[in-house]
Each structure stands twice: as structure tokens, then as C-alpha cells.
Amino acid sequence: MNGSPTENQTDAGVDVTVEQRDTTPSIVVRAVYFLLIGWWASGIWLSIAWFLNLTIIGMPLGIKMINKVPKIVSLKNQKVTVTIARTEAGDVTVTESTSEQYSLVVRGVYFLLIGWWFSGVWMSIAWLASISIVGLPVAVWMYDRLPFVVSLYKY
């Protein structure tokens with residue numbers, strides 16, 4: 001686990017520590033995983049997710065699957081921000097959060113107008129790029145941004 005305090009402050013008798021946690025495995029482990037599993041598993045995963053997105057009943061699962069693509073492709077975990085606040089009275093509050101998201105309404109409208117079709121194009125280009133050594137860095141970059149492309153979800 002990688003975690004380092006990014007902010008310490010004392011305000012109105014409250015001591016606050018904020019740290020970013022990233023439990024993503026090392027780049028070597030991620031590279032071996034991608035070469036053995038990630039490149040082909042991502043093709044199957046994305047095909048199922050795209051099919052589910054075409055159905056009203058399967059759409060929520062399809063979107064959740066797309067939001068997990070960075071994990072499926074290369075074991076990349078979502079970063080978590082941990083905030084620890086201690087008051088002068090000794091009370092401690094620990095809060096874990098991920099990136100702040102757009103409202104569900106905005107994300108839903110975006111998905112219906114743009115995300116559903118644009119993500120299909122984006123996924124296809126990313127997967128094709130991932131099967132060549134030259135295109136691999138572009139593919140990894142595209143996969144990391146796929147949740148945002150489909151529904152403005154910040155991974």
C-alpha cells in the first residue's frame with residue numbers, strides 16, 4: 001500500500017491529515033498480468049459490457065463493468081483519499097473517499113447522448129492498440145480513461 005500524507009492542517013482546534021492510498025500492484029506485476037491475461041480478458045469483458053449497455057435491463061451492470069476496465073486490463077486500483085480529523089476534545093473521524101463525481105443526472109444525460117456510442121468506438125480503438133507493442137502505451141492511457149468516456153465516471 002502506497003500512502004503518504006498530502007496535507008496536515010490545524011483549523012479551529014481540529015487537526016486534519018489527508019493521504020492518498022493506492023494499492024495498485026507494481027508495474028512489473030501489472031505488465032506480466034497484462035501479457036498473460038489482461039489483453040485477451042479485456043476483449044471479452046468489453047464485449048459483454050457493450051452488449052449489456054445495449055439492453056435497458058443490463059445497462060447498470062454494463063456501466064459498472066466498464067468502470068472496472070482499468071482493473072481488468074492491468075490490475076490498476078482506484079485511488080482512495082483518507083481524511084483523519086481529530087478535535088481538541090479527542091474525537092477522531094476517519095473518512096475514505098474516491099474522486100468527486102458529476103451528478104447522476106448529468107452522467108445519465110451524457111451517457112444517453114454521447115457515452116453509449118462513443119465508448120464503443122473508444123473501446124475498439126483501445127483494444128486494437130493494445131495488441132501491438134507500439135500502440136500499447138496509448139491503449140493503457142485509453143483504458144484508464146474509459147470510465148470517464150462512457151459515463152463521466154472519474155476512476
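This is a predicted model: local features need pLDDT of at least 70, side-chain atom pairs count only at pLDDT 80 or more; totals for chains, interfaces and linings use all residues.
Residues are numbered from 1 along each chain as its sequence is written, and side-chain values use heavy atoms, with hydrogens and water left out.

Helices (H or I, at least four residues) and strands (E, at least two) are DSSP runs, numbered from the N terminus. Helix H4 covers residues 104-130, and its end C-alpha atoms are 31 Å apart, short of the 39 Å that a straight helix of 27 residues would reach. The expected span is 1.5 Å times one less than the number of residues. H4 bends by about 60° at Phe 111, the bend being the angle between axes fitted to the seven residues ending there and the seven starting there. Residues of H4 that are buried include Arg 107, Tyr 110, Phe 111, Gly 115 and Trp 122. Buried means under 20% relative accessible area, exposed over 50%, and partly exposed in between (1.4 Å probe, protein chains only). Among the elements covering the buried residues of H4 are helices H1 (27-53), H2 (59-67) and H5 (136-151), where contact means heavy atoms within 4.5 Å.

Five aromatic pairs are found in the whole structure. Rings of Phe, Tyr and Trp (its six-membered ring) pair if their centres lie within 6.5 Å; planes under 30 degrees apart count as stacked, over 60 as edge-to-face and the rest as tilted. Trp 50 and Trp 116 are stacked because their ring planes meet at 15°, with centres 6.5 Å apart. This pair links Trp 50 in helix H1 to Trp 116 in helix H4, 66 residues apart. Trp 50 is partly exposed at 24% relative accessibility, as is Trp 116 at 36%. Trp 117 and Phe 118 form an edge-to-face pair, 5.7 Å centre to centre with 70° between the planes. Ring pairs link Trp 117, Phe 118, Trp 122 and Trp 141 into a cluster.

Thr 24 lies in the loop between strand E2 (14-22) and H1. Thr 24 counts as buried because its relative accessibility is 15%. Leaving out residues up to four places away in sequence, Thr 24 touches Arg 30, Leu 75, Lys 76 and Asn 77.

An unreviewed UniProt entry lists residues 31-56 and 125-143 as "transmembrane region"; such annotations may be inferred rather than shown by experiment. Residues 31-56 are 88% helix and 0% strand, and residues 125-143 are 74% helix and 0% strand.
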